[in-house]
Amino acid sequence: MIVLEKIDILSMSLAELESVMVECGEKKFRAKQIFQWLHVKRVFDFDKMTDISAQLRLQLNGKFCIKKLNIQKRLASSIDNTVKYLYRLPDGNFVETVLMKYNYGYSICVSTQVGCKMGCRFCASAIAGFVRNLEPSEILMQIYETEKNSDVKVSGVVLMGIGEPLDNYENVLKFLRLLSDSNGNNFSLRHVSLSTCGIVPKIYALAQLKLGLTLAVSLHCADDKGRSEIMPVNKVYNISELLEACRFYIKNTGRRVTFEYAVIENVNSSDKDADRLAVLLKGINCHVNLIPVNKVRERNYHTARHGVADFAKRLCSRGINATVRRTLGSDIEAACGQLRRDADKQNKDGGADF
Ligand code: SAH
């Protein structure tokens, strides 16, 4: 017997859905109805789509699947309103999503891969290793499930969770198109930030698309030797190639780039490091986001108490626009990748559930 795999309908664009409907002998407008049930009304059960005939609903159930995420763990910070979710994917893998409250509203940080290949030394996601790319629907459903569970509407989306978004380029693009589709969720990409460790060719590709999103680049060090030690990607695309791509992005899109810089004691936090960074970024339309490094159990990296503020002051005095990122959810291990790793370990050690 041949078992045909059902199609993941939440990863489909409206145009794709329209052609499948026509192939099935249905009217094209049916696709828009279904698309709106999924992306506007957020109904994830074909049988509850009341303006679709029983016969078509039967067909939909046979042909498509709606991949839901299950909340494996939900941690709410008692310090601020940050909530961290560990989601279980349909195949048993885990990803993390963080909901953060700011003065202007809610922002959500989503994962784009199960694990990561990039191997940044300070990052917990790297330690847990890479498993697979997320499907567009799996990125989108992190938003839909979180909004439903926390009863909020997010006004900002950041692709800064587990994974390297530009290493899952096609699916991330499809996710962005679904998120912003005017027949669906209609979310403005101006309120989306995509963070990359610096996959240069993909930065050029993204720049050509002029999507309006903010590009955030994890720089973390201003010299090639030091950066290669903490970020292996630098051995493939060095700082000057990366900055050239950023200049192109700015010129082509008219958008300012954000550089992320985790200030790590004895690694990149000296006055000399700040001065080098200021020289490097001079003349680039950018903003530097300084981050106190999150503790990762296996690593001994830390940020000195006054390290970040001093570093920021020095950059600002040299004409570089720099701010210190507010630390949110410090009591719930909001650092990426730690929950997923623990959950995987528990599974392997005997499957204890949370
Ligand atoms: N792969 C992408 C996005 C995921 S990481 C990237 O590299 O940009 C999101 C941000 O968190 C990146 O800037 C990353 O360098 C940073 N980060 C990772 N581990 C960290 C830690 N332990 N402390 C502080 N920032 C960290």
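The confidence of the prediction comes first: the mean pLDDT of the protein chain is 92, and 93% of its residues reach 70 or more. Over residues 349-354, however, the pLDDT is below 50, and this stretch has 8 contacts in the model beyond near neighbours in sequence.

To see what surrounds one of them, the reader can follow Leu 290, which, leaving aside residues up to four places away in sequence, touches a set of residues including Tyr 261, Val 263, Val 308, Phe 311, Ala 312 and Leu 315.

The ligand has 16 residues around it, of which Phe 122, Ser 195, Ser 218, His 220 and Asn 294 come nearest. By class, this shell has 7 nonpolar, 7 polar and 2 charged residues. An N or O atom in the side chain of Ser 195 is 2.6 Å from an oxygen atom of the ligand, and for the side chain of His 220 the distance from an N or O atom to an oxygen atom of the ligand is also 2.6 Å. A nitrogen atom of the ligand, in turn, lies 3.0 Å from a polar side-chain atom of Glu 164. Of the 530 Å² of accessible area that the ligand has on its own, the protein covers 92%.

Technical notes
Residues numbered from 1 in each chain as written. Predicted model: local features only at pLDDT ≥ 70, side-chain atom pairs only at ≥ 80, totals over all residues. Heavy atoms only, no water. Contact = heavy atoms within 4.5 Å. Near = heavy atom within 4 Å. Polar contact = N/O pair within 3.5 Å; in protein donor to acceptor, adjacent residues only side chain to side chain. Areas by Shrake-Rupley, 256 points an atom, 1.4 Å probe, with all protein chains shown as cover. Nonpolar A, V, L, I, M, F, W, Y, C, P; charged D, E, K, R; others polar. pLDDT = per-residue confidence, 0-100.
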